[in-house]
Amino acid sequence: PMPAFFVFIEFDGKESAQRVFLVHVDESISFDILRRLHEAEHRGEGHTLHKKTMTVKYDDTHLLADVSGDSLKLAMREHMGPSMSEYVMKKNSFLSTAGFDDGSAQLTISAIGVENLSKLVEMSLGLTDDAIVSTFVAFKQRFGKKSNVPFINDKDVKLGMPDLKPSFEGVIKFKTDKLGPSLVFPAKLYFSPFNEVVPKKMRRGRIAVAFFDLIFNPFTSESTYTFSFSGKILGIKMLRDGLKFMEILSTPGQLIYSELIAGQQPTMRFEVKSPGMLFELKNELNAVEAGMRILALLDISNDTKMSLEQATRSASRLAEMDMVLHADAGQLKLDIPCHDRPLMDGRELVCIQFFSTPVGEIHVGVFVTLIGKPLPTVSGYTLLPTSKNIERIVIREQGEKIERENLVAATIAIEQKYADEYDVAILFEKNDL
């Protein structure tokens, strides 16, 4: 890896040197030397390397400024750069990697039987961790030349591709109406490298999204969908869209127009028919959509994340808050038990209520007031409100704590706001906040 040079001196028939040329043994020359050495060894001529020759050419681009030791020294330093250690490290790296553009080994594997071939294709798409191959033979390879003797020759080998990379990355769009909106998901596209050697009916591609896989055969239009939301925390919109897509797939025969857009690659357009799969997550879909409406109404960022498990646990509270926030005052009715303090005749009643619910990773609370004339009943009063107001919005981020006294203070402030003109009823215990 140390610096090496060829120095050509031209005398032109005179006693002293007339011109001096300096040729640096750079990556280009090193590559040619390594390639020729490797080819000779591949032909079994490694014992006669001392008899091999190579022509090194020079021209005016290699000419020194003048015939002197200083010019030679300066030219050499220009090639080596300011740091000898960096020069040696860079050259070492090149010498260790040159000739491996097509890989460092050539592998030959065989799998017997449809089942083993299918598992091999699935493994190459990242669907399984490994597959068993009947034989595994590996030859070292450099400069496109395969060694004569394999360095691995085994049978019944477990083969894996742990660093599998997608063929392309982009987005996939689904819609049921060519003119309508799309469900859009970031996606990764995989094609099995074994597609060229297996029968057409066994060839597979995979479109991978965070929570589902679409496995398809590009020749037969056969496709299967596999969903997995368990343990995945997604953006609330992506979770909603994923559940909507599952709902679409539950309609037998529904035609779905699909587009896969991956960078500069041509857009892949295809149509699939819904298999009519069972959809058992309608309550969760309703809960997620309720959460999105709550966030939108309260002007809270829609970047909130949510899991399917969170949607299941919070479904009833999300539905309650969604109903209260979006209902008109005239759609609501409150039955209020008797108070220790009787209501004043002729005054309207303000009822203060606090609603809260988790929306994925955040907790949302609202103080709501309902205003109207109380109507006496046997057990107390009925309020048919004519006005509904959202007084305060409370947000608790994940890991954040809100002190109870702050919530109590907010309640008292709302109560005092209306106390002079209205009777006020607080429909919760302050200490329960």
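## Strands, cores and a helix pair

Let's start with strand β18 (residues 362–372), where 10 of the 11 residues are buried, leaving the strand mostly covered. Please keep in mind that this is a predicted model.

**Strand β18 and its partners**
- Strand β17 (residues 349–359) pairs with β18 in the antiparallel sense, over 11 bridges.
- Within this pairing, V366 in β18 has F355 standing opposite.
- The two strands β17 and β18 make a hairpin with two residues between them, and G360 in the turn has a positive phi of about 65°.
- Strand β21 (residues 387–396) also runs antiparallel to β18, joined by nine bridges.
- Here I390 in β21 is the residue opposite V368.

**Nonpolar cores**
- The largest nonpolar core holds 59 residues, and those touching the most other members are F185, F212, F227, F229, L243 and F245.
- Apart from that core lies another of 16 residues, including V121, A138, V198 and A208.
- Leaving aside residues up to four places away in sequence, F185 touches a set of residues including I172, F174, F211, F212, M238 and F245.

**Helices α5 and α6**
- Helix α5 (residues 236–249) and helix α6 (residues 282–297) have axes that come within 10 Å and cross at roughly 145°; the crossing is left-handed.
- On the α5 side, the contact includes I236, L239, L243 and E247, while α6 contributes residues including L285, V288, M292 and L295.

Conventions: Residues are numbered from 1 along each chain as its sequence is written. This is a predicted model: local features need pLDDT of at least 70, side-chain atom pairs count only at pLDDT 80 or more; totals for chains, interfaces and linings use all residues. Side-chain values use heavy atoms; hydrogens and water are left out. Buried means under 20% relative accessible area, exposed over 50%, partly exposed in between (1.4 Å probe, protein chains only). Helices (H or I, at least four residues) and strands (E, at least two) are DSSP runs, numbered from the N terminus. Two strands pair if DSSP finds at least two bridges between them. A nonpolar core is a set of buried Ala, Val, Leu, Ile, Met, Phe, Trp, Tyr and Cys residues joined through side-chain atoms within 4.5 Å. Contact means heavy atoms within 4.5 Å. Axes are lines fitted to C-alpha atoms, for helices over the stretch in contact, and angles run from 0 to 180 degrees between N-to-C directions. A crossing is left-handed if the near helix is turned anticlockwise from the far one by less than a right angle, and right-handed if clockwise.
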